[in-house]
Number of protein chains: 2
Amino acid sequence: MKLYSFFRSSASYRVRIALALKGLNYETVSVPMRDQSHRKDSYRQVNPQMRLPTLELDDGTRLIQSLAIIEYLDAVYPEPRLIPADPLTRARVQAVSQIIGSDIHPLNNTGVRGVLASMFGASEQALDKDWTPHWIREGFAAIEQMIAPGPYAFGDRITLADVCIVPQVYNARRYKVPLDEFPRVLAVDAAAQAHPAFQAAAPEAQPDAA
Amino acid sequence: MKLYSFFRSSASYRVRIALALKGLNYETVSVPMRDQSHRKDSYRQVNPQMRLPTLELDDGTRLIQSLAIIEYLDAVYPEPRLIPADPLTRARVQAVSQIIGSDIHPLNNTGVRGVLASMFGASEQALDKDWTPHWIREGFAAIEQMIAPGPYAFGDRITLADVCIVPQVYNARRYKVPLDEFPRVLAVDAAAQAHPAFQAAAPEAQPDAA
């Protein structure tokens, strides 16, 4: 498999964690967002949405959208299972994952920041100090009430929720968002970070880290 | 079951479609977003994220995040199945659903519009004419390449993709976004709108429509 990825892309980071947890080998194809490589025609051929990541299977089939990719991997390579089978537990894990995947991360990604700057004159400082922290804090405040570190977000097994929380905490730290109000989120992050799969998937451990 | 809903909330609309397709009865609890009812303490007790919808099961269990709720309903009430079992088809359906659920809708909801106005002085006109159309067009451009009306987005059975496309097309029309470039999206919308479940779930058919 090939993963079109960028070391700092949160959504790529999620898929890297899932691949590492399942012990799957893959080739990294770096798409450096800093020079807008993801907006070039060559990448549009790979991913019609021109976002990261894309997972290319061995037969050339390409999958997009990080949570859809992880759900695919979880069905085809079920060990360890990241999305619980029990419908109610699954709904809770998915709700936490979707708060991050829908209501925090998409508001703070590179493309949105660019449009906020060009359309509303948002300064880099306002984006870093006001906009990004606002959505992280609002989302984490909800998640803090939905998880119970044991040590992972939903008990002693890693789930999709942990796979989403760690990259979002990484992003929060990058923007120096204070996280003291979210001790459960921090506890889950610390527990997951101790796992070798999360370490292998970390931005700094990637071949395109710079 | 009770659905905390607002007639114009896109995410509520998705869950209403799924409930109607499965023939499930429920009570609507209206949470009028126009007077900020969803930000009141009473609703915070219901949904820690203070967003719509929330599905309350008969035993009082509450589920949040529309796609997580629909996945729960699909597991417990599998007829008709909205999320295909085949992992690859499922990944494609989920990718389309997540483009809407992550990269279009969350950028355009009421809460985000409010923050854009207060933080960056975005005018209602700029939000309606520039910001909202930008994300709808960008997302629909990708989806247009990912679906093949047959007559629904993924063939002759309704899937989660259709459940997400219809409310997003409704929103696009509300903001008068030209959709001529997206004939497949429009064809899927027309096919789905002809189904009684989509009609029953429409904003105008709700008890709190105004």
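Predicted model: local features only at pLDDT ≥ 70, side-chain atom pairs only at ≥ 80, totals over all residues.
**Confidence**

I started with the scores. Chain A averages a pLDDT of 96, and 100% of its residues score at least 70. For the model, I wrote down ipTM 0.97 and pTM 0.97.

**The sheet in chain A**

Next I went to the strands. I found an open sheet of 4 strands in chain A, in the order 2-1-3-4, with mixed pairing. Which strands stand at the edges? They are strand 2 (27–30) and strand 4 (62–64) of chain A; each has a single partner strand, so one side of each is left without a neighbour in the sheet. I noted an average twist of 25° from one strand to the next.

Then I followed strand 4 of chain A to its partner. Strand 3 (residues 54–56) of chain A pairs with strand 4 in the antiparallel sense, over 3 bridges. One detail I jotted down is that L55(A) has L63(A), in strand 4 of chain A, as its bridge partner.

**Helix 4 against helix 6**

The axes of helix 4 (residues 87–108) and helix 6 (residues 124–144) of chain A come within 9 Å and cross at roughly 175°. Angles over 145 degrees count as roughly antiparallel, and therefore these two helices of chain A are roughly antiparallel to each other.

Who meets whom? On the helix 4 side of chain A I listed V96(A), I99(A), I100(A), D103(A), I104(A), L107(A) and N108(A). They meet T132(A), W135(A), I136(A), G139(A), A142(A) and I143(A) in helix 6 of chain A. I sorted the residues of this contact into 9 nonpolar, 3 polar and 1 charged.

**Where the chains touch**

Now for the contact between the chains: it takes 39 residues from chain B and 39 residues from chain A. On the side of chain B that touches chain A, strand 4 (62–64), helix 3 (66–76), helix 4 (87–108), helix 5 (110–120) and helix 6 (124–144) of chain B each supply at least two residues. Which element of chain B gives the largest share? I found that helix 4 of chain B does, with 13 residues. By type, this side of chain B divides into 26 nonpolar, 9 polar and 4 charged residues.

**Symmetry**

Last, I superposed the copies. A rotation of 180° with 0.0 Å of shift along its axis puts chain B on chain A, at an RMSD of 0.0 Å. The two copies are thus related as by a two-fold rotation axis. In chain B, S102(B) has the C-alpha nearest the axis, 2.1 Å from it. I also noted that the same surface serves both copies, since 100% of the contact residues of chain B recur in chain A.

Conventions:
Residues numbered from 1 in each chain as written. Chains lettered and ligands numbered in written order. Axes fitted to C-alpha atoms, helices over the stretch in contact; angles between N-to-C directions. Parallel < 35°, antiparallel > 145°, perpendicular 65-115°, else oblique. Contact = placed C-beta atoms within 7 Å. Nonpolar A, V, L, I, M, F, W, Y, C, P; charged D, E, K, R; others polar. pLDDT = per-residue confidence, 0-100. Pairing = 2+ DSSP bridges. Least-squares fit on C-alpha atoms with pLDDT ≥ 70 in both.
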